[in-house]
Amino acid sequence: MAKTYTVYTYFRSSCSARVRIAAHLKGIETEYKFIHLLNNDQQSESYASVNPSQSVPTLVVAEDGKEVAVIRQSIAILEYWEETFPDSTPLLPPLSDPVARAKVRDLVNIVCCDIQPVTNLRILRRIRPAGIDANEWQQQFMTAGFRAYETLAAAYAGKYSFGDMVTLADVVLAPAVDGALRFGVDIAQFPTVSRIAEELKQVDGFVKGNWRNQPDTPEEVRSARI
Ligand SMILES: N[C@@H](CCC(=O)N[C@@H](CS)C(=O)NCC(=O)O)C(=O)O
């Protein structure tokens, strides 16, 4: 009963990167289907019928060629894999330590609930015509989010965001830092976040899941500084 995992992804999407990184860390083989967000593939009728949120990622699980599940939110995908493959590079502290798990999830939610939704492509497309400076907007919300992350991580971190284990917090943090650098956020003002982001660059799964190393990354963008 071989299961296959197909991920709809876009190289620049931080939400897609979470899923790519987790798959590499856990050794889950995935196939990709590419959704070009700037070309509005996410709004096409065919993709919207797969994911009515018109966003990436989406995970399609098939067993012996037959679709058995479609999961349409990045954190639901990460938790599904965590529950399906709990022993293959666990990305949450053990069930016996619910406080530790909640702390990791606090960090995860700072990125996934407080930063990403208000800095998403569809928001930028809505504010730009209203004359709002998109870079300033991104910097404000990202900086506020990273400040909160820094405060918690300063207390929780070891080598990574929560002690010395790579967790879901790191999985969502690394792509968020890449996005923040693109918009000129001064990450250096957050020493714990900066240090962890540097550490994560040494971890194979993070390198393989990085936006620079995707099959749909255009060559001219791949070599860009940020
Ligand atoms: N809550 C969703 C958010 C997904 C999301 O917003 N993805 C972005 C890319 S990171 C997207 O597809 N944006 C397309 C758009 O805004 O049109 C998740 O975690 O999967």
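This is a predicted model: local features need pLDDT of at least 70, side-chain atom pairs count only at pLDDT 80 or more; totals for chains, interfaces and linings use all residues.
## Contacts and overall form

Residues are numbered from 1 along each chain as its sequence is written, and side-chain values use heavy atoms, without hydrogens and water.

The protein chain has ten helices and four strands (DSSP runs: H or I of at least four residues, E of at least two). Their order from the N terminus is β-α-β-α-β-β-α-α-α-α-α-α-α-α. The radius of gyration is 17 Å, close to the 17 Å of the globule rule for 226 residues, so the protein chain is as compact as a globular protein of that length. That radius is taken over C-alpha atoms; the rule is 2.2 Å times the number of residues to the power 0.38.

## Burial

Of the 226 residues, 46% count as buried. Buried means under 20% relative accessible area, with a 1.4 Å probe and protein chains only.

## Aromatic rings

The structure holds eight aromatic pairs. The ring centres of Y156 and F162 lie 5.9 Å apart with planes at 65°, so this pair is edge-to-face. Rings of Phe, Tyr and Trp (its six-membered ring) pair with centres within 6.5 Å; planes under 30 degrees apart are stacked, over 60 edge-to-face, the rest tilted. Y156 is buried at 19% relative accessible area. F162 is buried too, at 18%.

Ring pairs also link Y5, W81 and F85 into a cluster.

Methods. Buried means under 20% relative accessible area, exposed over 50%, partly exposed in between (1.4 Å probe, protein chains only).
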